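Me: I would like to go through this one question at a time. To begin, how many C-beta neighbours make a residue buried?

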Amino acid sequence: MPLNDEVELLRKVLLFSGIEPAKLKLLAFTSERVNFAKGQNLMRQGEMGNAAYLILSGEADVLADAGGGPVKVASVGRNGFVGEMAILRDQPRTATVVAATEVSTLKITKESFLQLIQDSPKIAIELTRILAQRLETTTIDLTSAREKLRAAGIE
Amino acid sequence: MNVTEQLKSFYYDKIILLLKSSHHAMDPSIFKYIWRYSRQSQLVVLALVLGSLPFYFLMLDLPRAIVNGPIQGKGFETSDATATFLSFSFAMPGFLQSLFGTAKSTIFEGFELAREPYLLALSCSLLLLVAVNGIFKLQINTLKGRMGERVLRRLRYQLFDRILRFPTAHVRKVRQAEVASMIKDEVEPLGGFIGDAFVQPAFLGGQAITALLFIMIQSFWLGLVAGAVVLAQAFIIPKLRRRILELGRQRQLVARHLAGRVGEVVEGALEIHAHDTSHYERAEITGRLGQIFRLRFEIYRRKFQVKFLNNTLAQVTPFIFYSVGGYFAIRGRMDIGQLVAALVAYKELPSPVKELIDWDQQRLDVQIKYESIITQFNPDGMIAPELQDPDADDDAPLTGMLNASRITLEDDAGVKLLDGVSFTFDVRSHVAITGPVGGGQDYLGLVLARLIFPNSGKLSIGGRDTALLPEAVTGRRISYAGSDSILFPRSVRENMLYGLMHRPLTPPVIIEEDPRQEAMERSEIRRSGNSRFDLRADWIDYAAAGAQGPYDIDNQIAAALDAVMMEEDVYQLGLRGCINPEDHPSLAENILQARKALLEMLRDPEYAALVAPFDPERYNHNATLSENLLFGTAVGTAFSTVNLIGNTYFQWVLEESGLTPELLRMGFAIAETMVELFADIAPGHPFFDQFSFIASDDLPDYQEIVHRAGRIALEQLPESDQRRLAALTLDYVEARHRLGLIDAALEQRVLTARRLFASRLPVTYRGAIEVYDPERYNSAATLLDNILFGRVVYGLAEAQSRIGVLIGEVVGQLNLRWEIFKIGLNFNVGGRGRFLSTIQRQKLALAKAILKRPDLLVVNDAISLLDVRSQQQILHNIKTYCDGRGVIWIGGQPNLGRNFDQVLVIEDGKIAEQGEFEQLSLNGKYLPQLLAVG
C-alpha cells in the first residue's frame, strides 16, 4: 500500500482526523509497515514497548491477564489504535494483543508520535478528550461492578 | 612481633618508600635537568666550540693582512719582494730556550711568494677558514640537535611515566586535554632549547668576546666603544623583555584553559543541546579569546618597541666607527687594514650579541614553561617507582586473611568517605558489600583493589600490607571491574587481553631485521631513559588465563565472555563482520555452504516470505535502487554511494538503458516529498538521520531546486541540479519508503541497466565492485549478508528475529559458530567502546577482569545497568568461575548477597554490620531495611 493510501487511512482514525495531511504523511513516512500472521503477537503484557500500532486491515484480540490466565477483553479492527499507553508513559504493556486474522499495521514509534504532538497541539487536545472518555467509561464500569458486588453482599 | 614493633616496621617501610621516591622528583631548574641527562654530550660540544674559536680569530685577522699586505703593498715596496706564506713558529718558553739555544722554534719555514700570488694565497686561506668555521658550526649544530631530541624524548617519557604514577584521586581531577597538550605541544620549545642551553652562550659569547678582543687589538678606543654599546644592549634589552615574558606566561595559562574548556564543551555537547546553552558557551569562549587577544597584542607591541631600541643602538656604533676610526686612520694612529678588519669584526658582532639576548629570553621563557609543566606533573602522593617494578611479582598467590584495620579515607575537603572501617575475612571467600547509595562502599571497593590509598589505617592480605605491595602483585593477583571501566579503541580480543599484558614474556620474532638500525634504536632508547621493553614482543601472560599459548587463548576468552553472558553478543558482532576470503578460505567456503543450507530452509512456505533473495533476473524491492543497478557491493570509492552518480561509466549505463530521465523524475518526486515532509522539522532533529533522503543542511538547496523545477521542464534544469536529484534515488527502497516510484516498466529498465553495467565494465573498475554471485563469497559484504544472500523483507512482524533463528540453526549444523565468534573478537569497539551498547561495555569490562583469574576479584557496581535477572545469572557464573578464589561483590542490590559467604553493610562510611546473609536478614538491623527498600 503506497504512502498516500496510508495517509488516507490515518485520516479516518478519530484521533488523527483533525490533522493536516502533511503531518500525517510525515507520521506515515516515519512509521514502519508491519504485517502479522494470524496468531502472532502485536505486543505482550508486561513487556516494555516503544511503539503503538494502527490497524490497517484485519482483526486483533486484546487479552488481559489478571493472574488467572489471559481473558479476552476487547477486539480491534480496521482503524483501531493499540498500544498508545506505552508510548505516552514508560510502563510495561497492560495487555496482550494477538492477531485474530492476518493483520496489517502501521507501527508508530514513540519518537514520531511525540513529534506529531509537538507539531499539532490539536492532537494533544484530541488525545486528552479520548483519554477522558476512557476514564469515564472505566469509572462507569467500576461503579457498576461495585454495585454488583454490593448486591452480592461481598463488599 | 608486638604491636609497637609492627607499627614501627610499618612506618619505617613507608618512610623508606618516601625517601626513595623523593629523589625521583623532577629538577626544579631546567638547566639542572638538562645537565643531569646530557652532561657528556654537552662537554663534547663545548670542547668543539672552544676548538673553533682560534679559527674564528684567524678569520677575523686575515682581512687586515690582505688589505695591509698585498693590496696596500706593505712589504712589497720593491718589485721582486716576496712574503713568507704559511710559516709556523712560536716563541719558546724560557726554560726551553736554554735547552735548544734559540728563542724561536720554527715548525715550518713557509713558502716565499710574490705580491699577486700572495694575495691569492691569502684570499684562498680566507675561503678555507670560512669552510672550516662552517664545518665546526655544522658539527656543533648536529650534535646539539641530537642531544636536544634525546633529552626531549626523555622528558616526554618521564612526564608520561609520571601520569602512570599519578594517584587515582589526582587522575580524576586532571583535564585530559591539558595534560595531553602539555606532553605533546608545550614541551616542544623546550626541545629546541636543550641543545642550546649551555652551548649557545659558550659559542656566541666566545665569538663575541673574540671579536671584541680583536677590535681592541686593532684600536683600544674603538674596542671600548663597541664593548660599551654591546654591554648596553645586553643589559637594557633583557630588562625590557622581562615584562614580555611575564605576559607570555599569562598567555600560555589562558591558552591552556581555553584548550581545556574546548575539550569540556566537546565532551558536554549533549548537555549543551539539551539546555540550549550554546550561546552561553559562545560568550564564554569569546571572553577567553578576548583575553588572549589583549595579551598577544600587548606582547606584540612591546616586542617591536624593543626591536626599535635594539636596532637604533646597533646603528649608532658604525657612526662612531666611521667618524672616529676614519679620524684615527687619517691621523695615522691606525692603518687602513686595521680599520677594515675592525669594521668587519664589528659587523660580525651584532649577530652573536643579538642571538645571545635571544638565548637569554628563551632561557627565561623555557624555564617558566618548564616550571609550569612540572608542577602539573608533581602531585602529592605519587606512586613510588618501586611499586611499579615489573619483576616484583613473587609468584606467591594471595592467601590468608584479608584484614582491614581502621581504614579512613577523606576527600579533598576532609569529608570522611570511609571512617575507621575494620573487618576480617578469608581472602578466598566470597563477600558481598552493600549499603545505601553514598554509603561509601564504592570507595571501599577502590581501596580493596589498592587503587586508592587510604589516608590512615591498614589493609593487609595474609599479613602483607597492601600499601607496600608492588603493582606487579596487586595488578596481577587482584582484579577490578568498576561501573566506569574504560575500553580502548581496539578489538574485543585485544581489550580482553589487555589485563594480561604486564611485561613481555617471549622475545619478539622480527622478520627482516636490520641489525644496525636495531642497535641504534636500542642505544637511543638507553640514552633517553625510555622503556626497555619491546612492544613487538609477546606480552600476553597466557598461563595466567589458564591457556597454553596464542592458539588456545580464545577458548579462555570465550569462557570469560560466556560467564558475563556476552558470548552471544560477540557471535552477533562476528556475523556483522567482514572477512577477506584469502585469509579465511575455509570459513568463506563454509559460509557458502550455509548460504545453500539457508536457501533450502527458505523453501519451506512458512519462511519463504522472510527473505527477498538476490536474483540476477529480478528487481529486489527490499534492496536499494543502487544495489539493484550494481547488483553487487561497491569496494573502494569508485562506485560508493557518494560518487556513484558522478561516475562517467555509471552515467553512460543509465543513458544507454534510458534510465536518466526516469531517475530524474524519481529524484524530483523524492525531493518534493522530502521538502514537504521535513520543511518544519528543526535542523539536527534525529528524523533527518533516520528517515530523510536529504540532510538538514542540504534541505534549503533542494527547496530551491524543487522551486526551479516547478517553472521549467526537469531536463532543462542545470546539470548540477539534475545530478543532485538523481542522486536521491540511489538509496530508495520501495518496500521501506513506500512512495510508489518503482513500476514494472522501470524494473525492466533497471534489469537492462544491471546487465549492461556488468557486461561492459571496464577493466580498471573490475576491483571496484563485488558482484552478487550465488556461487561466490562476497568479501565486501558481512558474513550475515553472505549467508542471507538477499534482504530480509520489510513489513513482516519479527522477520529479523525469525531469520536470526534460522541462521543460528544453519550455523549450528555446519559448526560455524566458533569461527564466527572468533571473527567477532576482531570487532573494534571504538573509543571508550562507543560501538558497543552500554550494557555490552560493562559486560566486556567485567569479562576482562576475570580473564586473568585473579586471587581476588573486586566487582564494584560493575554491571549495574543490567536487569536484575541477568545480574543474578552473571553473579552465579562469576562465583562458579572464581571457585576457590576470592570475590568481593559491591552493589546496591542487597538481595544479590544471598549466595555469599559473608555480607558487609556499609553506612555513612562505617561498617554497619557484618555476617552471613541468612542470619543478618533475620536478626540484623540494617540489612532487613535495605532488603525492604530494594
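Reply: The count takes other C-beta atoms, placed from the backbone, within 10 Å of the residue's own. A residue is exposed if there are 12 or fewer and partly exposed in between, and the count for buried is 20 or more.

Me: What kind of model is this?
Reply: Residues are numbered from 1 along each chain as its sequence is written, with chains lettered from A and ligands numbered from 1 in the order in which they are written. Local features need pLDDT of at least 70 and side-chain atom pairs pLDDT 80 or more, while totals for chains, interfaces and linings use all residues, since the model is predicted.

Me: How many residues of strand S7 of chain B are buried?
Reply: Strands (E, at least two residues) and helices (H or I, at least four) are DSSP runs numbered from the N terminus, and S7(B) is the run 430-434. His430(B), Ala432(B) and Thr434(B) point one way, while Val431(B) and Ile433(B) point the other way. The residues on both sides are buried, which gives a count for S7(B) of five of its five.

Me: In which sense does S7(B) pair with strand S19 of chain B, parallel or antiparallel?
Reply: Two strands pair if DSSP finds at least two bridges between them. S7(B) has four bridges to S18(B), residues 886-890, in a parallel run, and there Ala432(B) is opposite Trp889(B). On S19(B), residues 902-907, Leu904(B) is opposite Ile433(B). Four bridges again make the link, and the sense of S7(B) and S19(B) is parallel.

Me: Which strands stand at the edges of the open sheet of four strands in chain A?
Reply: The order in this sheet is S1-S8-S3-S6, with antiparallel pairing. S1(A) is joined to S8(A), residues 103-109, by five bridges, and Arg33(A) of that pair is opposite Leu106(A). An edge strand has a single partner strand, so one side is left without a neighbour in the sheet, and that describes S1(A), residues 32-36, and S6(A).

Me: Is Asn79(A) buried or partly exposed?
Reply: Asn79(A) sits in the loop between S5(A), 70-76, and S6(A), 81-82. Its phi is near 75 degrees, a positive value in a residue other than glycine. Most residues other than glycine have a negative phi. Because Asn79(A) has 17 C-beta neighbours inside 10 Å, it counts as partly exposed.

Me: What does Arg738(B) count as, buried or exposed?
Reply: Arg738(B) lies in the loop between helices H28(B), 734-737, and H29(B), 744-759. Its phi is also positive, near 55 degrees. Because 21 C-beta neighbours lie inside 10 Å, Arg738(B) counts as buried.

Me: Which helices of chain B each supply at least two residues of the side that touches chain A?
Reply: Two residues are in contact if their C-beta atoms, placed from the backbone, lie within 7 Å. 14 residues of chain B are in contact with 15 residues of chain A. The helices that each supply at least two residues of chain B's side are H24(B), 660-678, and H25(B), 686-690.
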